[in-house]
Amino acid sequence: MLELTDISKVFFPHTVNERRALDGVSVRLASGDFATVIGSNGAGKSTLLNVVAGRYTPEKGTVAIDDHDVTAMAEHRRAAMVSRVFQDPMAGTAPHLTIEENLAIAYQRGRSHGLGRGITRAKREFFRTELTTLELGLENRLGAKVGMLSGGQRQALSLLMATFVEPRVLLLDEHTAALDPTRSALISRLTAEAVERHRLTTLMVTHNMQQALDLGNRLLVMHEGNIVLEVDAAAKQAMTADQLLDQFRRATGGEVSDRTLLTE
Ligand SMILES: Nc1ncnc2c1ncn2[C@@H]1O[C@H](COP(=O)(O)OP(=O)(O)OP(=O)(O)O)[C@@H](O)[C@H]1O
Ligand SMILES: [Mg+2]
């Protein structure tokens with residue numbers, strides 16, 4: 001469960017550069033809810049995810065995960081509860097370490113009192129099994145340096161590392177945007193499978209209307225630091241990308257940047 005109550009975040013307050021990135025956002029995701037988030041550039045989507053992750057502390061409002069108020073909890077302490085995958089495939093993994101070493105670090109992050117950092121035989125088998133689900137053959141390349149992988153392969157690995165620890169909340173910030181259409185479709189499918197398999201409470205930002213409709217059971221539209229429209233599962237299923245664009249325009253007063261106009 002993720003509950004945001006009346007969250008406000010202002011950058012550079014009381015200066016000429018003051019920016020109100022979030023303006024009283026409230027939203028509640030039940031356990032296993034998967035909400036896609038769309039909105040124009042600067043709408044506050046990444047800031048919202050950063051507040052959930054603990055990178056930014058809001059001036060106002062509270063963040064609760066599983067009924068536990070984490071508003072004041074430091075980012076590194078929240079890391080065991082909150083996983084994230086960014087747009088940049090280079091951001092989520094360590095290139096100079098092997099696939100296996102990257103997985104071991106992620107595994108450890110989710111279990112602060114776990115089996116230690118050493119890679120045991122059982123752990124290696126677990127990693128191999130998990131990698132098999134990606135269907136990229138990476139299970140046979142445990143010793144390969146991650147820097148040698150393609151962007152799509154790295155993003156698939158980032159996604160696996162973010163999800164196999166079963167975080168309380170999964171945050172995805174345009175995590176397919178840097179990939180070509182084939183790889184983007186693969187990562188979309190893997191995302192849906194991982195969320196389903198682990199029943200993860202998920203917030204996913206995308207600029208792709210079709211992806212926002214295809215994935216998840218809820219859709220949120222952000223504009224000028226707030227959620228201005230919510231589409232539920234049934235309405236989402238029946239909606240086309242053009243209809244969504246239409247609703248988006250109406251909810252945001254017609255302001256649609258070029259990057260938001262991705263209908264396929
Ligand atoms: N670290 C920061 N310092 C100052 N201002 C920031 C910072 N991060 C975001 N902002 C400002 O807050 C507002 C919301 O930014 P945010 O990155 O959340 O938008 P976004 O919805 O993710 O946009 P995009 O679709 O372009 O990624 C913008 O006006 C932005 O300039
Ligand atoms: Mg952003």
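A polar contact is a pair of N or O atoms within 3.5 Å, and within protein one of the two must be able to donate a hydrogen and the other to accept it. Keep that in mind for Lys 9, whose side chain reaches the backbone oxygen of Thr 57 at 3.1 Å. Welcome to this predicted model, a chain of 264 residues with a ligand whose shell holds 15 residues. Here is a short tour, from the chain as a whole to one lysine and then to the ligand.

**The chain as a whole**

- Nine helices and ten strands make up the list of elements in the chain.
- Along the principal axes, the C-alpha atoms fill a box of roughly 55 × 40 × 35 Å.
- The radius of gyration is 19 Å, which agrees with the value near 18 Å that a compact globule of 264 residues would have.
- Buried residues account for 50% of the chain.
- Take the contacts between residues at least 6 apart in sequence: 69% of them join residues at least 24 apart.

**A closer look at Lys 9**

- Lys 9 sits in strand β1, which covers residues 2–11.
- Is Lys 9 buried or exposed? Lys 9 counts as buried because its relative accessibility is 11%, and the cut-off for buried is under 20%.
- Leaving aside residues up to four places away in sequence, Lys 9 touches Arg 19, Arg 20, Ala 21, Leu 22, Thr 47, Tyr 56, Thr 57, Pro 58 and Glu 59.

**Around ligand 1**

- Which residues come nearest to ligand 1? Of the 15 around it, they are Arg 19, Gly 42, Lys 45, Ser 46 and Thr 47.
- Gly 42 places a backbone N or O atom 2.8 Å from an oxygen atom of ligand 1.
- Gly 44 also has a backbone N or O atom by a ligand 1 oxygen, at 3.0 Å.
- Ser 46 uses its side chain instead, with a polar atom 2.9 Å from an oxygen atom of ligand 1.
- Taken alone, ligand 1 exposes 630 Å², and the protein buries 70% of that.
- Two elements, β2 (19–29) and α1 (45–53), each give two or more residues to the shell.
- The largest share, three residues, comes from α1.
- Sorted by class, the shell has five nonpolar, seven polar and three charged residues.

Terms used:
Residues are numbered from 1 along each chain as its sequence is written. Chains are lettered from A and ligands numbered from 1 in the order in which they are written. This is a predicted model: local features need pLDDT of at least 70, side-chain atom pairs count only at pLDDT 80 or more; totals for chains, interfaces and linings use all residues. Side-chain values use heavy atoms; hydrogens and water are left out. A residue is near a molecule or strand if one of its heavy atoms lies within 4 Å of it. Accessible areas come from the Shrake-Rupley method with a 1.4 Å probe; for residues, only the protein chains shown count as cover. Helices (H or I, at least four residues) and strands (E, at least two) are DSSP runs, numbered from the N terminus. Ala, Val, Leu, Ile, Met, Phe, Trp, Tyr, Cys and Pro count as nonpolar, Asp, Glu, Lys and Arg as charged, and the others, Gly among them, as polar. Buried means under 20% relative accessible area, exposed over 50%, partly exposed in between (1.4 Å probe, protein chains only). Contact means heavy atoms within 4.5 Å. The radius of gyration is taken over C-alpha atoms; the globule rule is 2.2 Å times the number of residues to the power 0.38.
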